[in-house]
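Look through the sequence and the structure before reading on.

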Amino acid sequence: MGNFKLLTPLNNEELTFRNRVFMAPMTRGRSKDQVANELTATYYAQRASAGLIFTEGTQISAQAVGWTNTPGIYTPEQIAGWKKVTQAVHEAGGLIFAQLWHTGRASHPDFHGGELPVAPSSVPFNSQAFTPEGIKPSVTPRELTIDEIKSTIADYEKAAQAAKDAGFDGVEIHGANGYLPAQFLEDGSNKRTDEYGGTIEKRARFLLEATDAAIRVFGPARISVRLSPRIPYNDMGDSNLEQTYMYAVEALESRNVGILHFMEPGTLPEGAKPLAPGARQRFSGIFVLNVGYDRKSAEQALQTGLADAVTFGTLFISNPDLPERFFLDAPLATADASTFYSGSEEGYTDYPPLA
Ligand SMILES: Cc1cc2nc3c(=O)[nH]c(=O)nc-3n(C[C@H](O)[C@H](O)[C@H](O)COP(=O)(O)O)c2cc1C
C-alpha cells in the first residue's frame, strides 16, 4: 500500500477532516435524564483523533425518544450538556456532528405515559424496544396527522439550531436503521395516501424536509444524511429499494448535501444487488461507507474510489486512538458487547490508548 489513504486529509467547502477514519454514531445508554454529561465529554474527547465523530442518536423532541438513557437536544439542560462535549472534542482537535434521531414507531408507550408511538402509518410490525424496564416487543403505532408531521419537521429545525448553539460542527439526519425518516421512505411502513405517502417522491418528502430544515440552520456542507437500504433492522422493507433510495440520493445531491453516510454490509443476501456503487455515482459530496470495515477493507474502498471515508463503530468503542493504530498497523482491542448500551465508565471510557 504505497500511499495509505485512510490517514490523508479530506475536505469540502467548509470543513477539513484530518483523516478518513470517521467514528460511527453509537447509542451508549449513559445519559441519565437524557442529558450528555462529563463522562460523555471524556468519551468523545478520547476519540477526537477521528476525522469526524458522529454522536450517538440524539432525540429531537420528547416524542422522538425511544431508547432508555439516550441524550436529547431539545431542552436548555441538554444543550448545556452537549456544550461540554463539543468543547472537549474541539480542545482535542476534533470535529463532531450530532446525529438527530426520531425513533417513530420503534419507540414504546413506556416513553410516552402509555400513549402509542407515532409513525407514517398504523402498520403492525415485528421488532423490540429498549425501554427503561428492559427489552419489550414493539407495538402497532399511531398514524401522524399532517399537522403533526409539520411540527416534527419544525422539531428537526429547532434541534439543528440547538446543535449549533451547543457548538456542533454539523448534524446528521438519522435516516437509517428503520427510524422515522426511513419509515416514511419505505413502502412497507408507509401506507399514506396524502402528500407524505404513495409515490416515491411523496414517501421521500419527510426525509428531504427534515434535511432542508437542518440546511436552513447549518447550510448544506455541514449536513450528513445516513441511509441503510439493505438493512432490514426494525422490520423494514420496500418493494423497490433501488428505485426508492436512488431517488433519495439524487434529491440529496440536488441540495448539495455535504456528506452521504451509506450503510451497506459487504456480504448481502443471495441475489441482492449492492446499492453503494450507484449511490456513490449519483453523489458528488463526501461519500462515507459503513458496516463491517477493517483497516484493509476500508483502505481498499478508498483506493478503488468506492468511498471518500469510512466510519468505524465497534472498533472505535475499544480503540479510542483508532487512526493511530491504523497508521502503525498496531494490534486492536476487542469491544465488550455486554457494556455497549448501558453501564458507567466500564466499557466506555476505560479502553486505554496505545502505551
Ligand atoms: C453499541 C452500538 C450502538 C449503535 N447506535 C447507533 C446509533 O445511535 N445510530 C446509528 O445510526 N447507528 C448506530 N449503530 C450502528 C453503528 O453506527 C454502525 O453502523 C455499526 O456498528 C456497524 O459498524 P461497525 O461494523 O464498524 O461496527 C450502533 C452500533 C452499535 C454497536
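Which element supplies the largest share of the lining of the largest pocket? The answer is α9, with three residues.

## About the model

This is a predicted model, in which local features need pLDDT of at least 70, side-chain atom pairs count only at pLDDT 80 or more, and totals for chains, interfaces and linings use all residues. Residues are numbered from 1 along each chain as its sequence is written, and side-chain values use heavy atoms, with hydrogens and water left out.

## The largest pocket

Rolling a probe the size of a water molecule over the atoms shows where empty space is left. The search runs on a 1 Å grid over the protein atoms alone. A pocket is an open set of points with protein on both sides within 12 Å along at least five of seven lines, while a cavity is a set where a 1.4 Å probe fits but cannot get out. Lining residues have an atom within 4 Å of a point.

The largest pocket has a volume of about 650 Å³. (A volume is the space filled by probe spheres set on the points, which are joined across faces, edges and corners.) It has 30 lining residues, and Pro25, Met26, Asn177, Arg226 and Tyr341 are the closest to its centre. β4 (53-59), β5 (96-101), β14 (309-312) and α9 (314-318) each give at least two residues to this lining. Helices (H or I, at least four residues) and strands (E, at least two) are DSSP runs, numbered from the N terminus.

By class, the pocket lining has 17 nonpolar, ten polar and three charged residues. Ala, Val, Leu, Ile, Met, Phe, Trp, Tyr, Cys and Pro count as nonpolar, Asp, Glu, Lys and Arg as charged, and the others, Gly among them, as polar.

## The ligand

The ligand sits in the largest pocket, meaning that more than half of its atoms lie within 2 Å of the pocket's grid points. The ligand is surrounded by 18 residues, each with a heavy atom within 4 Å of it. Pro25, Thr27, Arg226, Asn290 and Gly292 are the closest. This shell has eight nonpolar, nine polar and one charged residues.

## The cavity

The structure holds one cavity of 30 Å³ or more. The largest cavity has about 60 Å³ of space. Its lining includes Trp67, Phe130 and Tyr233. The lining has six nonpolar, four polar and no charged residues.
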